[in-house]
Amino acid sequence: MGASMPAEFTRRRVISILAAGVALPSLARRASAGALEPFRWQGVVLGANADLTLYAADRGQAADALAAALAETARLEGIFSLHQPDSALSRLNRTGRLDAAPFELQELLSQALQLAVASGGRFEPTVQPLWKLSADHFARPGADPAGPSAGAIAAVRRVVDHRGVRLDGGAIVFDRAGMQVTLNGIAQGYVSDRIGTLLRDRGFTHALVNLGEALALDRRADGSAWKIGVPAPDDRTRLVTELEVSGGAVATSAGRGMLFDATGRFNHIIDPQRLACADPDRSITVLAPSAAVADGLSTLGALLPDPQRDMPRYLAAYGAKGFVFSKLRNKVDWL
């Protein structure tokens, strides 16, 4: 988890959507009268490549829905962004208190805190100061390859503790000066869920939302499953497996999504307990009913020293399933 560097939300997920040999028509194509046709939009959302595919009876219906989805995404970015200085989250981190906090920020922060409690603080939304410490350290020319000094780490570590965050009525309050929150280990999934809800409310029953986490609304209109490829953590051109999804969400977390040093020992997914980062040669993929759950659990799984031993209980608690891929073993192991 952690803020982006130039991009808004770190592209640590490496999910690709497979067209299964079928070229989807763009919005420029008119659907046959009464028939559901696939329409696809591709672009950049939240600083990452995005892909929205939906089935509609006509071009106008599809264009209106996609425009509404992009507007909602921009609105949510204005709440969760760590890059925009006037976002709700940036203001909270700057002042340590946010009165009349947006509902979405309260809801997502509450979900993140629940996962922090369940994991004993391994999934830690207040890890942002540690992330920034590493990012700033390795951005300096001639940075010590051993990482930040023990003294610098100790000073920052004192403010990394989810128990110091309070939701007080409509306000969010930090109990310690210098605390900062990041929701990047779960926010992309939350935004995907919100877009899924928007499309359902507009009557769409066959759609795929991919804003870094893939959320499927049922199957394709022809009854076939959506095909989602999961690339290797060190080579996005090589798929380690292909999933057929008929509903629900898929999220993958990998330390190699953003490396601070050339070896990958220091990367953007940080465990504040062990003061260690996610294994750069491993990825965790989670399938769950919601994209926020898949997103948060995949982040947690990437942080576990032994996901094959420790991850199954978290998956069971959330009605999810998942697998780990190791570059060294070169195989997919379902959990």
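Let's start with S326, which counts as buried because its relative accessibility is 16%, below the 20% cut-off. This value, like the others here, comes from a predicted model. S326 sits in strand β15, which spans residues 321–326.

The side chain of S326 reaches the backbone nitrogen of L328 at 3.3 Å. Setting aside the neighbours within four places in sequence, S326 is in contact with D281 and K331. K331 belongs to β16 (331–334), one of the edge strands of the sheet described next.

## The eight-stranded sheet

Strand β15 is part of an open sheet of eight strands, ordered β2-β3-β7-β8-β11-β14-β15-β16 and paired antiparallel. The edges are β2 (37–45) and β16 (331–334), each of which pairs on one side only. On average, neighbouring strands of this sheet are turned by 15° against each other, direction ignored.

For a look at one pairing, take β11 (residues 248–254) and β14 (residues 282–288): these two strands pair in the antiparallel sense over six bridges. A254 has S283 in β14 as its bridge partner.

Two helices deserve a mention here. Helix α6 (residues 187–201) packs on the sheet and touches β3 (48–56), β7 (207–210) and β8 (214–217), with its direction making about 20° with that of β8. Helix α7 (residues 291–303) lies across β8, β11 and β14, and runs at about 25° to β11.

## The three-stranded sheet

Another open sheet has three strands in the order β4-β6-β5, again with antiparallel pairing. Its edge strands are β4 (97–98) and β5 (165–168); each has a single partner strand, so one side of each is left without a neighbour in the sheet.

β4 pairs with β6 (residues 171–174) in the antiparallel sense over two bridges, and I172 in β6 is the bridge partner of L98. Helix α3 (residues 103–118) packs on this sheet, touching β4, β5 and β6, and its direction makes about 135° with that of β5.

## The protein as a whole

Stepping back, the protein has eight helices and 16 strands. Of its 335 residues, 57% are buried, and S326 is one of the buried residues.

What share of the contacts between residues at least 6 apart in sequence join residues at least 24 apart? That share is 63%. The accessible surface of the protein comes to about 13600 Å², and carbon and sulfur atoms account for 51% of that surface.

How values were computed
Residues numbered from 1 in each chain as written. Predicted model: local features only at pLDDT ≥ 70, side-chain atom pairs only at ≥ 80, totals over all residues. Heavy atoms only, no water. Helix = DSSP H or I, 4+ residues; strand = E, 2+ residues; numbered from the N terminus. Buried < 20%, exposed > 50% of the residue type's maximum accessible area, 1.4 Å probe, protein only. Contact = heavy atoms within 4.5 Å. Areas by Shrake-Rupley, 256 points an atom, 1.4 Å probe, with all protein chains shown as cover. Polar contact = N/O pair within 3.5 Å; in protein donor to acceptor, adjacent residues only side chain to side chain. Pairing = 2+ DSSP bridges. Axes fitted to C-alpha atoms, helices over the stretch in contact; angles between N-to-C directions.
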